[in-house]
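Hello,

Here is the structure for your files. My notes on what was found in it follow below.

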Amino acid sequence: MRIGLTGGIASGKSTVARELERLGAFIIDADVLAREVVAPGTEGFQKVLDRFGGSVLAADGSLDRRALGRVVFADPKALADLNAIIHPRVRARAVELEKIAPEGALVVHVIPLLVETGQQENFDVVVVVDTTVEEQLRRLSRRDGMTSTEARQRVAAQADRWERLAAATHVIDSSGPVAETMRQVAALWRDICRMADETTKA
């Protein structure tokens, strides 16, 4: 069974993914892959440098993601160019990883831009981790030290909350305490396992 897990920035996707992995899911995280495909020495890294120049380099020679973010989230064309470099490479790597998933595994693809890129139809289940925009902004400020303008640019660059919810087969409300989120994840896991079992028997 293939599960797409998505949600807005700072919605709690990573927390939910870690718990699903603990419960036994095979996780393929697009955010992790997005870093790998532009690591120093890769073709993706050189493509980013060719497009954006040395101003997006950190002192250690890797990409300065904060500096790159300031450029692309203030310029839709620049963001589209960056996505055109990263997304095809991430998808190709995700296909490779899915092929090595154990037989019968519940494969969870963590894809922040799942709805924006129209991938919801590719999955048996679409899980949306949901919280309010106000909570997203608060977390971005606290977690990443973003200014209000930076945080709002990040949120605005993604699908709005209602577009994501419209694509969901399951919703995890992450706006409350972590323990409550974990309770919902446990219920989700039981439901997905039951669905997978019924599919196998059918």
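Contact here means heavy atoms within 4.5 Å. By that criterion, and not counting residues up to four places away in sequence, K13 touches L5, T6, G7, G8, V110, P112 and V129.

This is a predicted model: local features need pLDDT of at least 70 and side-chain atom pairs count only at pLDDT 80 or more, while totals for chains, interfaces and linings use all residues. Residues are numbered from 1 along each chain as its sequence is written, and side-chain values use heavy atoms, with hydrogens and water left out.

K13 is in helix 1, residues 13-23 (helices are DSSP runs of H or I, at least four residues, and strands are runs of E, at least two, numbered from the N terminus). S14 lies in helix 1 too. K13 counts as buried because its relative accessibility is 9%, whereas S14, at 38%, counts as partly exposed (buried is under 20% relative accessible area, exposed over 50%, partly exposed in between; 1.4 Å probe, protein chains only). The side chain of K13 reaches the backbone oxygen of G7 at 3.3 Å.

The unreviewed UniProt entry annotates A10, S11, G12, K13, S14 and T15 as "binding site"; such annotations may be inferred rather than shown by experiment.

For the whole protein, the secondary structure comes to nine helices and five strands. The C-alpha trace spans about 55 × 35 × 30 Å along its principal axes. Of the 202 residues, 44% count as buried. Among contacts with a separation of 6 or more, 72% come from residues 24 or more positions apart.

Regards

Key:
A polar contact is a pair of N or O atoms within 3.5 Å; within protein, one must be able to donate a hydrogen and the other to accept it, and residues adjacent in sequence count only if both atoms are side-chain atoms.
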